Amino acid sequence: MEDKTDDDTEQVPEPQLRRRLGRADLRAVPEARRALRELLGQWGRTGRSDVAELLTSELVTNAIVHTDRDALLTATVGPRGLRVEVRDFVARRPRLRVPIADDGTNGRGLFLVQSLADAWGVRPHGVGKAVWFELEAEAA
């Protein structure tokens, strides 16, 4: 008979946030920031929560403003860090634009993500795409 009490293969689930983002619902932006702040507080690593909230706001805003569909926000924390992903249902890939000084505040979202995240990208996902970023645990 085997003793299962010392089984190290059992994994503890990583804390995760999942939110459906309604189409054209800009209230989702501050709600996503608040929910992410709570998730990072439970994780105990709030060092870069301001950066995480900013970048999450950018991804959520892009999904809401540049598509006419619902989207899904997922944030997962684990030993390696924080991963935030916003999946939408439009295949068109976002364009990274270098901001122009007199262009107001438009077009800076992905530039901020590229500048502040430890890693980021866009990947096809079924009928749409997922835009994601990661912040390493040591810095998060």
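In which sense do strand E4 and strand E5 pair, and over how many bridges? The legends below take this predicted model piece by piece.

**View 1. Strands E4 and E5 pair in the antiparallel sense.** Two strands count as paired if DSSP finds at least two bridges between them. Strands (E, at least two residues) and helices (H or I, at least four) are DSSP runs, numbered from the N terminus. Val122 stands opposite Val131 in E5. The two strands form a hairpin with 2 residues between them. In the turn, Gly126 has a positive phi of about 55 degrees.

**View 2. Helix H2 packs with helix H3.** H2 covers residues 49-66 and H3 covers residues 109-116. Their angle is about 145 degrees, with axes 9 Å apart. Axes are lines fitted to C-alpha atoms over the stretch in contact, and angles run from 0 to 180 degrees between N-to-C directions. Contact means heavy atoms within 4.5 Å. Among the H2 residues that meet H3 are Val51, Leu54 and Leu55. Leu112 and Leu116 are among their partners in H3.

**View 3. H3 has buried residues: Gly109, Leu110 and Val113.** Buried means under 20% relative accessible area (1.4 Å probe, protein chains only). They cover an arc of only 90 degrees around the axis, so they lie on the same side of H3. The arc is that of the directions from the helix axis to the C-beta atoms. These buried residues pack against H2, E4 and E5.

**Notes.** Residues are numbered from 1 along each chain as its sequence is written. Local features need pLDDT of at least 70, side-chain atom pairs count only at pLDDT 80 or more, totals for chains, interfaces and linings use all residues, and side-chain values use heavy atoms, without hydrogens and water.

Definitions and conventions. Buried means under 20% relative accessible area, exposed over 50%, partly exposed in between (1.4 Å probe, protein chains only).
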